Amino acid sequence: MKVFDNQHIKNIVLLGSAKSGKTTLAETMVFEAGLINRRGSVETKNTVSDFHEIEHERGNSVYATPLHTEWRGYKINIIDTPGLDDFIGEIVSSVRVADTCVLLLNAQQGFEVGTELIWNYIDQFRKPTILAINQMDHPKANFEATWDSIRVSFGEAAALMQYPVNPGEGFNAIIDLLKMTMYRFPAEGGKPEKLPIPDDEIERANQLHNELVEKAAINDEDLMELYFEKGNLDEDELRKGLRIGMLKHEMFPVFCLSAKQNMGSGRLMGFIDNVAPGAYDMFPERTVDDKEIECKPDLPASLFVFKTLIEPYLGKLTYFKVCSGEINIGMDLVNAQNGGTERINQLYIMDGNDRKPVDKLVAGDIGATVKLKNTATNHTLHAKDFEVNFLPMDFPEPRVRTAIVADSKSDEEKMSEVIRELQEEDPTLNIQYSKELKQLILSAQGELHLAVTQWRLKHVYNIQVHFENPKIPYRETIQRQAYASYRHKKQSGGAGQFAEVHLTIAPYFEGMPDPSGFNIRHKEVIDLPWGGRLVFYNCIVGGVIDARFLPSILKGVMEKMEEGPITGSYARDICVMVHDGKMHPVDSNDISFKIAGLQAFKQAFMQADPKLLEPVYDLEVLVPEELMGEVMTDLQTRRSIINGIDTKNQYQMIKARTPLSELNNYSSTLKSLTQGRASFIMRYAEYAPVPYELQKQLIAESETITA
Ligand SMILES: Nc1nc2c(ncn2[C@@H]2O[C@H](COP(=O)(O)OP(=O)(O)OP(=O)(O)O)[C@@H](O)[C@H]2O)c(=O)[nH]1
Ligand SMILES: [Mg+2]
């Protein structure tokens, strides 16, 4: 395997909405370079990139797959990412290590909601980006509409590099505005003929070329001067201007191609070689303590782990980018997160399923190793005396939840262990046993993400699981003040028990003053582990209850708060004032006061207009205007409150607040309502009152369960 120096390595990530053609383009780029002699296709399930069985079964990419190609003296590392937002974690981690992103647009659809979502991540990381309009050969390809949709989102920052002469069926020619040449492709694609621009295109080509020159010149003062002097820029000057613009994240070159017909990928690779920024000219990597580490081979070694994957028969594969120095076989590196040492016993360049062993990898390159013990995604490994810890990635919150149950009871323990492993490799999954709900709750990015997890458990780990409806973590609270007293008395034989407690409870809200009319001697504010507060006041006058019994009363109250009086859910946001009671000189003890406290609290609670609360979430749904109606109607059937509608480029963003109990299957419903053309995120907002009728029903249900 040829070793490339860091000036000749480019890391690109193929991104774009589902089915825009990323996997097909990756295959074409590898084939064009002669690294494979037969071009696979997604349909025949034999691409380098989509090699996992689940990808064959589903017909789409599920994992981000690193592979590489070589083009005119450069090594181009490619990460082919999935387009579905169920796999957003794969997208985020790939963008993190990209030097240049290639954002594919489908010429039939233009800039889609999926494109917008992915663009937001690229923009967050401020990565140089090429836009590639793919599927130029498709009978429904519409270059003009796609270009218009790009301009809505990017404005003048989009720089048209090429346009198709004959988009749609029979597509075979592109006019290149940098080289001012027409490329005409043979029927089987591949190497094009270079021809002069035909007379009937020359006027349009000149005008677009001038626009490109102006856009390139704007990025640099020297170029601007040159442009004013000469009225034009030569090819190299144009490249320089484009490169500066890309690095500033202010200019986005736009290419045209047909990945399937192998038309235009060579020109794109040439541009990546000659213009697109590589690791060595990207801004330095930042560390958690705000240091900057430049991508230099002569510094001590460091690497950033962007992904791990457990493969059958192989174990844990760790994918990383070398941030500085050289990584050699046999090297010992320190894990910045846990201080442990990891030995690098193998180094690979990955081409899908194919691992090519290498002895070393230099700064800026991407590779993989196996059998690291305690190293996970987001970890940094570094040479012993070179203490660096690179900024970790933030992953989006899960958007769907389900209860997961092993079909066979004997698999339960193994399943929890395995899911924890899966969670480590995919930080967008979350698994928690809920003591409150008595369910193992699995949260993920979408129903497909859940289905893939279920598939992996079955096919890789031999554990059959099924999903059940997850319960809702309701809360209980009160709406008005109420008083109750309780006397606990047991005097049959042996030591007796006696306690009497009088208390008043009232709703708690943040910033409220202490309740008036009570003689407050002591106040305890308890932040409840399940959210909300309990404020406990000792208002005893004249020593009618000894101060030493107050903690027992509190214990009793807390016990009932943990299993609320109306449905057994946690209670929250309550003030308790203990203001009277009685003791017996012999029979009073802790247990008696705990019982009396619990019972008095329960009785007061039932008279204080108890209320059930449910978790509600803030939703942001990104949707094309023409589908707004359907999406809004569906949201309204889910008891949503619509808080606003914003315009985001060519899309509408609906902001709504929706109860969690109404969000079951939202991800798949939205997909089918909009044919996958909408997306959403959700964030926990607050606990809100459950409507009266529903509360009645829930209380009745819980009474049947406990009866
Ligand atoms: N006509 C035409 N079809 C294409 C082109 N590129 C890809 N396709 C087809 O579009 C479909 C999706 O292609 P993929 O390469 O799997 O797309 P992808 O972006 O990798 O899809 P995901 O990974 O699922 O997001 C397949 O049926 C391809 O054959 C193209 O240039 N022209
Ligand atoms: Mg794909």
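Colleague: Where does N462 lie in the chain?

Modeller: N462 sits in the loop between α11 and β27. Helices here are DSSP runs of H or I with at least four residues, strands are runs of E with at least two, and both are numbered from the N terminus. This is a predicted model, in which local features need pLDDT of at least 70 and side-chain atom pairs count only at pLDDT 80 or more, while totals for chains, interfaces and linings use all residues. Residues are numbered from 1 along each chain as its sequence is written, chains are lettered from A and ligands numbered from 1 in the order in which they are written, and side-chain values use heavy atoms, without hydrogens and water.

Colleague: How should I read the phi of N462?

Modeller: Most residues other than glycine have a negative phi. N462 is not a glycine, yet its phi is positive, about 60 degrees. D609 is another non-glycine residue with a positive phi, near 55 degrees, and it lies in the loop between α13 (590–607) and β35 (610–624).

Colleague: Why does N462 count as exposed?

Modeller: Buried means under 20% relative accessible area, exposed over 50%, and partly exposed in between, using a 1.4 Å probe and protein chains only. N462 is exposed because its relative accessible area is 65%. D609 has 37%, so D609 is partly exposed.

Colleague: What about M1, and what does M1 touch?

Modeller: Contact means heavy atoms within 4.5 Å. M1 belongs to the segment before β1 (9–16), and its 42% relative accessibility is why it counts as partly exposed. Leaving out residues up to four places away in sequence, M1 touches H68, E70, I349, K356 and V358. With V358, the sequence separation is 357 residues, while the C-alpha atoms are 6.9 Å apart.

Colleague: How many of the chain's contacts join residues at least 24 apart?

Modeller: Among contacts between residues at least 6 apart in sequence, 72% join residues at least 24 apart. The chain has 707 residues, of which 57% are buried, and its secondary structure comprises 16 helices and 38 strands. Its C-alpha trace spans about 110 × 60 × 55 Å along the principal axes.

Colleague: What span should helix α10 have, and what do its end C-alpha atoms show?

Modeller: The expected span is 1.5 Å times one less than the number of residues. Helix α10 (residues 412–425) has 14 residues, so it should span 20 Å, and its end C-alpha atoms agree, being 20 Å apart. Its buried residues are M415, S416, V418, I419, L422 and E425. Among the elements they pack against are β14 (302–311), β24 (400–406) and α11 (447–459).

Colleague: Which backbone oxygen does the side chain of T402 reach?

Modeller: A polar contact is a pair of N or O atoms within 3.5 Å; within protein, one must be able to donate a hydrogen and the other to accept it, and residues adjacent in sequence count only if both atoms are side-chain atoms. T402, in strand β24, reaches the backbone oxygen of E468 with its side chain, at 3.2 Å. T402 has a relative accessible area of 6%, so it is buried.

Colleague: And how does D220 cap helix α7?

Modeller: A side-chain oxygen of D220 lies 3.2 Å from the backbone nitrogen of D222, at the N-terminal end of α7 (residues 221–230). After α7 comes G231, with a positive phi near 75 degrees.

Colleague: Which residues come nearest to ligand 1?

Modeller: A residue is near a molecule or strand if one of its heavy atoms lies within 4 Å of it. Around ligand 1 there are 19 such residues, with K22, T24, E43, S61 and D137 coming nearest. A polar side-chain atom of K22 is 2.7 Å from an oxygen atom of ligand 1. Backbone N or O atoms also come to 3.1 Å from a ligand oxygen, one from K19 and one from S20. The protein covers 91% of the 640 Å² of accessible area that ligand 1 has on its own, with areas from the Shrake-Rupley method, a 1.4 Å probe, and, for residues, only the protein chains shown as cover. Helix α1 (residues 22–32) gives the largest share of the shell, 3 residues.
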